[in-house]
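Colleague: I want to learn how to read domains and helix packing in a model. Can you take me through one?

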Amino acid sequence: MSMNTQGRPTSAGDTTETFRPKTFTGNRALDMEEPLIFEFGSVETCGVDLDEADTPEFELGGHERQAEIGLPGLAEPEAMRHYVRMSRNNYAIDSGLYPLGSCTMKHNPRLNEKMARLPGFADIHPLQPASTVPGALELIDELAHWLMVSTGMEAVAMSPKAGAHGELCGMMAIKAAHTAANRSPEIVLVPESAHGTNPATAALLGYKVVSIDAKDDGTVDLDKLKETIAKHDGNIAGIMLTNPNTCGLFERDIRTIADLIHAAGGFFYCDGANFNAIVGKARPGDLGVDAMHINLHKTFSTPHGGGGPGSGPVVLSDKLAAFAPLPFIRKTDSGLELVETNEATTDGEQPFGRMTAFQGQMGMYVRALSYMMSHGSDGLRQASEDAVLNANYIRVGLQDLMSLPYGVRPCMHEVLFDDSFLKDTGVTTLDFAKAMIDEGYHPMTMYFPLVVHGAMLIEPTESESRASLDLFIATMRDLVMSAKRGETERFSGAPYLAPRRRLDETSAARKPVLKWTAPEPVEISPSEAAE
Amino acid sequence: MRYLPLNDTDRSDMLARIGVNSIDDLFADIPEAVRQKDLLDLPKRASEMTVERRLSAMAAKNTSAGSVPFFVGAGAYKHHVPATVDHLIQRSEFLTSYTPYQPEITQGTLQYLFEFQTQVAQLTAMDVANASMYDGSTGTGEAVLMAHRVTKKNKAVLSGGLHPQYREVVEGLSNMAGDQVVSLPADPAGTEDILSQIDDDTSCVVVQSPSFYGQLIDLKPIAEKAHQHKALLIAVFTEVVSLGLIEPPGTQGADIVVGEGQSIGNGLNYGGPYVGLFATRQKYVRQMPGRLCGETVDAEGKRGFVLTLSTREQHIRRDKATSNICTNSGLCCLAFTIHMSLLGEAGLTKLARINHGNAVKLKKLLSGVPGVEVLNSAYFNEFTLRLPKAANGVVEALAAKGILAGLPVARLEPGNKDLENLLVVASTEVNTDDDRAAFAAALKEVLA
């Protein structure tokens with residue numbers, strides 16, 4: 001018997017570049033279609049082995065469920081494959097540059113995940129005796145210390161569950177402070193460039209939102225601000241300002257803005273979504289800020305998880321510190337105390353209420369502290385510097401081809417372009433962004449901030465290497481040149497190579513299908529059934 | 001610094017390319033007077049090993065639920081979560097993705113959100129569910145605001161069986177927004193007369209079942225009375241496993257259902273992150289807060305999913321939005337969805353039976369302890385005891401014996417003599433017969 005000395009063929013073989021087989025399954029090798037669990041799971045299947053229920057008797061008082069729920073189950077291998085296949089349809093920081101401006105998609109260290117899963121943090125109950133969780137109080141207090149030192153603020157309310165929740169908390173503290181002073185001003189000033197959460201938050205508390213204008217360079221127009229304040233003299237509760245702002249610029253006149261607002265009897269709420277640009281470079285407390293939320297899921301890198309969970313602690317100035325909501329940790333000679341009720345407060349503590357049940361996002365606190373301790377004072381500053389350096393490197397790499405709405409000047413951690421460079425090319429901002437998908441990039445933030453036409457906000461973060469930035473710049477330049485050459489097809493139908501082509505969002509909104517429903521059974525008449 | 005790819009050569013080359021001399025030139029917009037010149041007064045960078053050592057030392061000071069006989073519930077529950085769940089949610093593609101704004105490359109997230117919404121709608125027997133809230137308490141606050149929008153009235157009536165901290169969240173929001181709240185006194189046995197509190201000014205009635213004290217509540221008469229006065233019934237639950245066994249709020253006439261979903265897929269985490277479940281009737285969907293995922297097709301006609309009805313949301317509507325919520329609980333939804341997919345209806349039903357059975361067994365044992373009275377007639381996996389002395393001290397004494405025995409009601413409702421001796425205890429599938437026997441024996445000793 002002779003050996004097969006050649007083995008299997010090792011050359012690529014005859015390939016026809018353009019031939020793409022139409023597969024039976026609709027799959028394309030690793031790119032697989034995956035049905036919904038409702039389409040292949042069974043109500044009888046269970047992927048968890050449970051002990052037999054030896055219920056002695058039921059004491060449900062007649063509240064037993066009568067109807068089936070209809071929940072399908074999967075065996076463990078089925079579940080594993082289902083969710084792994086689904087995961088492969090997602091873009092993620094771990095797979096590529098994610099330049100979503102304002103969202104701060106930086107690397108999520110896995111040490112932080114490991115720490116958050118220590119049973120001493122992950123497996124403790126919010127209402128077990130405080131005496132059995134001294135290490136939890138210590139961790140929260142330690143993180144609070146890091147946050148207060150890095151912002152130069154007097155106090156921090158830890159419990160808000162995300163950025164917008166933190167905004168709500170900060171604005172509630174401001175409202176409580178006004179009420180305590182027997183004032184009831186009605187107006188909150190918000191620039192046009194603000195995140196949508198700012199006006200939504202102010203409105204939720206019954207405030208009237210008044211817009212303030214920006215100058216040509218994208219920062220607050222001081223003269224207009226003075227006019228607005230004068231016009232509403234005595235009726236201004238505060239200002240909500242993002243700094244660095246959503247155009248990626250630091251408000252140079254920030255101290256003056258703070259002084260103007262304070263002189264008008266108002267408070268300065270700073271949206272801290274962009275704090276990651278200035279950690280270790282400037283402290284909000286020195287800028288005249290009274291309240292600022294910190295998105296631990298942006299600045300301090302707790303994972304975004306496909307849209308949460310986040311965490312939004314709010315640092316407060318000495319004027320607002322007393323109004324911090326329940327619960328909070330009090331330092332005493334005998335250690336740390338958890339204060340959960342009004343009855344437990346002492347002189348000078350006037351909590352305005354409670355933002356959430358329990359103590360907030362402990363799982364995120366552990367991750368954030370792990371991140372901050374890993375970086376240290378030097379690493380945190382270096383991270384901010386690298387984030388700003390990377391953004392400016394992209395700016396300089398693209399500013400001759402793309403258009404900067406506010407002219408050539410340094411930006412902070414993100415660079416804002418407008419769509420004037422696409423004028424007369426037949427390519428829209430959206431088309432341009434979708435073409436980036438085919439190149440293997442997540443698009444930047446588009447159409448935000450609203451003050452700039454066809455805004456494209458690029459935030460590379462400090463997690464990108466120079467080689468990564470160079471390739472991104474080269475890719476963007478190629479796309480711009482292609483648009484300018486009139487190669488509209490590359491854009492108008494993009495993405496061509498993603499798991500899905502462009503999705504019809506209009507019909508999704510017009511006739512919303514928000515859950516799976518079983519297909520209508522096919523009617524079979526008795527005579528057909530008999531056949 | 002291990003997380004930063006740039007080296008000093010990169011940095012100086014890049015500064016040169018940008019055309020500035022130093023990194024501080026890029027920070028020139030920060031006024032000189034407020035620039036932070038020295039390093040922050042914090043420790044310098046630390047190795048992975050050092051950080052791990054320090055944090056592990058803190059964690060080691062805490063008594064974890066899994067290490068002792070554990071009976072604390074009251075809004076968060078110790079359940080077994082299959083290993084598969086935590087493995088899958090740590091897939092990079094799920095963990096490190098953002099809100100799915102680019103649906104072509106985030107179908108993974110969108111598809112699980114669609115599955116999540118469907119599961120929540122099925123469990124609650126409601127028409128539609130959103131893609132989650134932060135947790136049950138904040139979801140309840142949002143539900144009350146939504147009811148005000150729907151009814152154009154602003155008085156909420158809160159049952160005395162609602163979790164005290166949920167009540168505080170609603171009261172806080174309402175006080176700030178200038179809305180009215182009528183909070184009924186604590187109702188451990190589920191005997192309050194809430195019907196007489198509902199009138200034409202009422203926007204919504206908020207009732208928790210199983211209640212904070214464990215009592216199962218018949219929602220039907222409350223829904224009926226609410227609807228007579230054009231008010232909405234907001235049904236709340238904190239133990240989603242109960243829906244494996246008891247009648248869902250949707251078939252009892254609830255208009256909005258809010259729940260805490262932590263029990264499925266998510267650990268205790270000292271209170272967060274959790275996952276708020278939120279469902280309502282089809283006719284109210286445009287007044288709903290939070291993100292919604294909907295089905296559609298792509299340019300080639302293939303089914304796909306997108307975030308939809310975003311005109312309700314803050315990034316479009318700004319000060320006219322239905323809520324200010326932006327980030328929600330994405331990854332916790334995924335954990336919920338995976339665990340629920342593993343259980344399926346058969347598993348959830350069985351799990352619920354085990355929970356109920358364990359509570360029945362615990363109740364038998366504890367009601368045999370001299371001086372102990374059980375206040376609830378109908379309950380799921382949690383009930384309230386009246387002890388012969390203050391519950392706070394009893395719980396501390398039991399903790400010293402290595403048993404985490406439940407929540408003394410007075411911890412959340414201090415200063416009320418009637419509640420001082422009450423203890424809320426829960427028993428889930430994680431408790432063994434030995435755990436329960438140890439609890440009963442220790443309680444007997446402490447009370448003797």
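Modeller: We go from domains to chains to one helix pair. This is a predicted model: local features need pLDDT of at least 70, side-chain atom pairs count only at pLDDT 80 or more, and totals for chains, interfaces and linings use all residues. Residues are numbered from 1 along each chain as its sequence is written, while chains are lettered from A and ligands numbered from 1 in the order in which they are written.

Colleague: Which domains does chain B have?

Modeller: Domain bounds come from an automatic or database domain assignment. In chain B, domain 1 covers 67-80 + 345-447, and domain 2 covers 83-338. Their C-alpha centres are 27 Å apart.

Colleague: How many residues does each domain of chain B bring to the contact?

Modeller: Two residues are in contact if their C-beta atoms, placed from the backbone, lie within 7 Å. Domain 1 of chain B brings 28 residues, and domain 2 of chain B brings 24 residues.

Colleague: Which element gives the most to the domain 1 side?

Modeller: Helices (H or I, at least four residues) and strands (E, at least two) are DSSP runs, numbered from the N terminus. On the side of domain 1 of chain B that touches domain 2 of chain B, α10(B) gives the most, with seven residues. By class, that side has 15 nonpolar, nine polar and four charged residues. Here Ala, Val, Leu, Ile, Met, Phe, Trp, Tyr, Cys and Pro count as nonpolar, Asp, Glu, Lys and Arg as charged, and the others, Gly among them, as polar.

Colleague: And between the chains, how many residues are in the contact from each?

Modeller: Chain B supplies 170 residues and chain A 182 residues. On the chain B side, α10(B) gives the most, with 22 residues. That side divides into 82 nonpolar, 54 polar and 34 charged residues.

Colleague: At what angle do α10(B) and α13(B) pack?

Modeller: Axes are lines fitted to C-alpha atoms, for helices over the stretch in contact, and angles run from 0 to 180 degrees between N-to-C directions. α10(B) and α13 (residues 433-447) of chain B pack at about 25 degrees, with axes 9 Å apart. The two helices are therefore roughly parallel; angles under 35 degrees count as such, over 145 as roughly antiparallel, 65 to 115 as roughly perpendicular and the rest as oblique.

Colleague: Which residues of α10(B) and α13(B) meet?

Modeller: From α10(B) come Lys361(B), Leu362(B), Leu365(B) and Leu366(B). They meet Arg436(B), Ala440(B) and Leu443(B) of α13(B). By class, this contact has five nonpolar, no polar and two charged residues.
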